[in-house]
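User: Please take me through the features of this model, giving the general idea for each one before the case at hand.

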Amino acid sequence: MVARILLEPLDRESKSLPRIPPPIHPWLQAVVALGFLSFVASCGLFFILIYRLINWQIKSKKTNQFVILIFNLLWADIQQSLAFLLNVEWLRLDRLDVDNPICFAQGWFVSTGDLASGVWCFTIGLHTFASVILNYRLKPRYFFLTIAALWFFVYFVTSIGIFQYGTDLYVRAGAWCWVHHDLAELRLWTHYFWIFLFEFGNVIIYAVIYTMLIQRIRSGYYRPSQAERVKAISNLMVAYPVVYVICTLPLASARMASMNGHPPSLARLCLSGAMITSNGWLDVLLYTLTRRIMIFSDEPPPDDNGIETFAAFWAKSEKRFGAATTCEAGQPTPGHPRRKSKSARVRTGKGLVTLPSKNDSESDLCELGDKEIKMVTTTHVVSEPAQLADLEEMEAEARKNRPRTPVGRWSEESERMMGLKEMQLQHIPD
């Protein structure tokens with residue numbers, strides 16, 4: 001029955017729009033501008049990741065699961081942004097023509113882009129929960145099989161309507177082309193159902209991650225120096241579901257309202273389209289700011305990293321170089337010669353190659369007489385592998401101290417050699 005409806009002449013809401021209303025032009029231009037911004041940002045980071053992945057494979061034959069997931073999310077965002085960028089054709093023609101091949105292409109990219117973006121945002125949330133909370137990762141073979149299965153799911157669900165109705169599936173749906181409004185069940189089960197599922201799923205996953213991280217902080221699971229950073233990262237994770245829900249909910253709710261007999265205005269549709277097409281540039285901004293260590297690293301980050309892969313740009317990073325020595329003196333009590341007083345002096349020094357230590361040196365002052373003080377020093381040194389942040393700090397410090405010109409380097413080396421010669425001359429007997 002529905003197939004016969006599609007073969008009949010289109011109604012007023014689905015047929016070509018002979019002229020775009022002048023008040024809608026600025027709204028549609030905003031959709032195109034934001035779609036272009038998302039397309040450029042997503043493509044830029046997409047090609048950067050291609051370069052990184054190839055370089056990592058050549059250097060060490062390794063990749064990173066999170067970077068692969070971001071790569072797939074960007075491919076989804078490219079399709080989504082391209083769908084709304086194609087509105088430039090309707091602005092150019094000043095009309096919307098359902099017989100134009102751009103109409104079918106736009107409907108296809110809207111369906112695949114929205115669905116794929118939800119799939120990969122939800123998958124990244126699951127991967128974050130597994131790596132940060134459970135310290136679990138899939139084996140490479142099953143990881144790549146899962147990626148292939150998810151893309152098969154996206155394109156299979158999107159193709160169901162095309163298998164049934166062919167090129168008649170995509171017609172004018174407001175200010176751009178999408179699934180025919182009479183196919184309410186097809187819209188629901190191949191699009192809206194999954195969008196709302198991924199929205200609520202993302203909120204639940206990151207809410208659980210946030211709750212468990214806060215609980216670990218309160219229970220002393222992290223060292224005091226780590227707890228402040230983990231708390232900042234916990235607050236940062238709230239942005240992931242918020243960005244996705246804010247971008248996708250307006251358009252999904254507007255389409256659902258049209259299914260209930262309350263079609264939204266063209267201005268509301270354009271506003272919702274501008275928000276959902278902003279998914280691309282917001283994803284690029286969010287992930288490059290919060291997990292730049294993973295994306296821009298010259299070496300493939302190890303897959304066993306969890307909370308270390310996040311970087312809250314407003315929080316102070318944990319100090320990993322240098323040492324601190326504390327000396328305390330006070331009046332001892334009988335039987336407790338090593339009791340520390342409240343007053344203390346702290347001296348701090350910083351070195352470039354000092355190994356990080358988890359426990360600072362401790363100094364106890366014990367009074368032996370009226371004028372004698374004995375200092376007992378206990379030092380605990382714990383070595384650990386250098387992290388990416390350590391390497392970046394060392395490289396930045398080296399660049400800062402390195403002379404900028406060949407003349408500067410020559411002068412520095414000459415001064416060093418002259419100093420050595422003067423020291424040698426001073427030791428030559430007369």
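Predicted model: local features only at pLDDT ≥ 70, side-chain atom pairs only at ≥ 80, totals over all residues.

User: What is the relative accessibility of Ile102, and with which residues is Ile102 in contact?

Analyst: A residue is buried under 20% relative accessible area, exposed over 50% and partly exposed in between, with a 1.4 Å probe and protein chains only. Ile102, at 23%, is therefore partly exposed. Contact means heavy atoms within 4.5 Å. Apart from neighbours within four places in sequence, Ile102 is in contact with Leu86, Glu89 and Trp90. Trp90 is 12 residues from Ile102 along the chain, and their C-alpha atoms are separated by 9.3 Å.

User: How is the packing of H5 against H7 described?

Analyst: Two packed helices are described by the angle between their axes and the distance between those axes. The axes are lines fitted to C-alpha atoms, for helices over the stretch in contact, and the angle between N-to-C directions runs from 0 to 180 degrees. H5 (residues 101-132) and H7 (residues 184-218) pack at about 20 degrees, with axes 9 Å apart. H5 is therefore roughly parallel to H7; angles under 35 degrees count as roughly parallel, over 145 as roughly antiparallel, 65 to 115 as roughly perpendicular and the rest as oblique.

User: What is the handedness of the crossing of H5 and H7, and which classes of residue form the contact?

Analyst: A crossing is left-handed if the near helix is turned anticlockwise from the far one by less than a right angle, and right-handed if clockwise. H5 and H7 cross in the left-handed sense. Their contact has 18 nonpolar, eight polar and two charged residues. Here Ala, Val, Leu, Ile, Met, Phe, Trp, Tyr, Cys and Pro count as nonpolar, Asp, Glu, Lys and Arg as charged, and the others, Gly among them, as polar.

User: At what angle do H5 and H6 pack, and which residues make the contact?

Analyst: For H5 and H6 (residues 140-165), the angle is about 145 degrees and the axes are 10 Å apart. This crossing is right-handed. H5 contributes residues including Trp108, Leu115 and Trp120, and H6 contributes residues including Trp151, Phe153 and Tyr155. By class, the contact divides into 14 nonpolar, five polar and no charged residues.

User: How are H2 and H3 oriented to each other?

Analyst: H2 (residues 25-60) and H3 (residues 65-85) pack at about 155 degrees, and their axes lie 8 Å apart. The two helices are therefore roughly antiparallel. The crossing of H2 and H3 is left-handed, and their contact has 21 nonpolar, four polar and one charged residues.

User: Is Arg52 buried or exposed, and which residues does Arg52 touch?

Analyst: Arg52 belongs to helix H2 and, with a relative accessible area of 13%, is buried. Not counting residues up to four places away in sequence, Arg52 touches Ile295, Phe296, Ser297 and Asp298. Asp298 is 246 residues from Arg52 in sequence, yet the C-alpha atoms are 7.4 Å apart.

User: Which value of phi does Asp94 have, and which does Asn135 have?

Analyst: Most residues other than glycine have a negative phi. Asp94 has a positive phi near 60 degrees; Asp94 lies in the loop between helix H4 (87-93) and H5 and is partly exposed, with a relative accessible area of 24%. Asn135 has a positive phi of about 55 degrees. Asn135 lies in the loop between H5 and H6 and, at 53% relative accessibility, counts as exposed.

User: Which residues does the UniProt annotation "transmembrane region" cover?

Analyst: UniProt positions follow the numbering used here, feature names are shortened, and annotations may be inferred rather than shown by experiment. According to the unreviewed UniProt entry, the annotation covers residues 27-54, 66-88, 108-130, 142-163, 192-213 and 233-254. In the model, residues 66-88 are 96% helix and 0% strand, with end C-alpha atoms 34 Å apart. Residues 192-213 are 100% helix and 0% strand, with end C-alpha atoms 32 Å apart.

User: How many helices and strands does the protein chain have?

Analyst: The chain has 14 helices and six strands, and 41% of its 430 residues count as buried. Among contacts between residues at least 6 apart in sequence, 77% join residues at least 24 apart.

Methods. Residues numbered from 1 in each chain as written. Heavy atoms only, no water. Helix = DSSP H or I, 4+ residues; strand = E, 2+ residues; numbered from the N terminus.
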